[in-house]
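Subject: Structure handover

Hello,

Here is the structure for your files. My notes on it follow below.

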Amino acid sequence: MQPTNLKHLFHVLMDSIEQVRSGQMTVAKGQAISDLAARANTTVKVNHDRERLVMEIENHKMRFASSKAELRNIEGKNFD
């Protein structure tokens, strides 16, 4: 898998639109690419929100030294 950012996703979408317009790609395939890009964008947004929350928790801990607030890391745990 190659590294991807929002700029790359945007380019993939624009290229797909051009290919659909020129007839090189079917509308159904273009729609599938669009749906996958939307899912990837949602994942990026969720990750961004999580990182923002981690920063807010760290700020809270610095202001209130006795705070035990923490974000549980459920992604790193193994499945049973």
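The salt-bridge count comes to four. The rule is a side-chain nitrogen of Lys or Arg within 4 Å of a carboxyl oxygen of Asp or Glu. Side chains of opposite charge can pair when their charged atoms come close.

Before the details, the basis. This is a predicted model, in which local features need pLDDT of at least 70 and side-chain atom pairs count only at pLDDT 80 or more, while totals for chains, interfaces and linings use all residues. Residues are numbered from 1 along each chain as its sequence is written, and side-chain values use heavy atoms, with hydrogens and water left out.

Overall picture

The protein chain has two helices and zero strands. Both terms refer to DSSP runs, numbered from the N terminus: helices are H or I with at least four residues, strands are E with at least two. Of the 80 residues, 9% count as buried. Buried means under 20% relative accessible area, exposed means over 50%, and partly exposed is in between (1.4 Å probe, protein chains only). The protein chain exposes about 7400 Å². Carbon and sulfur atoms supply 57% of that area. Accessible areas come from the Shrake-Rupley method with a 1.4 Å probe; for residues, only the protein chains shown count as cover. Take the contacts in the protein chain with a separation of 6 or more: residues 24 or more positions apart account for 23% of them. Contact means heavy atoms within 4.5 Å.

Helix 1

Helix 1 covers residues 6-22, and M14 is found there. M14 is partly exposed, because its relative accessible area is 33%. Together with F10 and I17, M14 forms a nonpolar patch on the surface. The patch has about 270 Å² of accessible area. Patches take residues with over 30% relative accessible area and no salt bridge; like charges are joined within 9 Å, nonpolar side chains (Val, Leu, Ile, Met, Phe, Trp, Tyr) within 5 Å.

R21 and E18 also lie in helix 1, three residues apart, about one turn of the helix. Their side chains meet in a salt bridge at 3.6 Å, N to O. R21 is exposed at 68% relative accessibility. E18 is partly exposed at 45%.

Helix 2

Two of the salt bridges to look at here are K45 with D49 (2.9 Å, N to O) and R52 with E56 (2.7 Å, N to O). K45 and D49 are four residues apart in helix 2, so about one helical turn separates them. R52 and E56 are likewise four residues apart in helix 2, so about one helical turn lies between them. D49 is partly exposed at 26%. R52 is partly exposed at 39%, and E56 is partly exposed at 41%.

After helix 2

S67 is found in the segment after helix 2. Its relative accessibility is 19%, so S67 counts as buried. The side chain of S67 makes a polar contact with the side chain of H60 at 3.2 Å. A polar contact is a pair of N or O atoms within 3.5 Å; within protein, one must be able to donate a hydrogen and the other to accept it, and residues adjacent in sequence count only if both atoms are side-chain atoms. A polar atom of the S67 side chain also lies 3.2 Å from the backbone nitrogen of A69. Neighbours within four places in sequence aside, S67 is in contact with H60 and K61.

E70 sits in the segment after helix 2 (27-63). E70 counts as exposed, because its relative accessibility is 59%. With neighbours within four places in sequence left aside, E70 is in contact with I57 and K61. E70 and L53 are 17 residues apart in sequence and 9.8 Å apart in space, C-alpha to C-alpha.

Best regards
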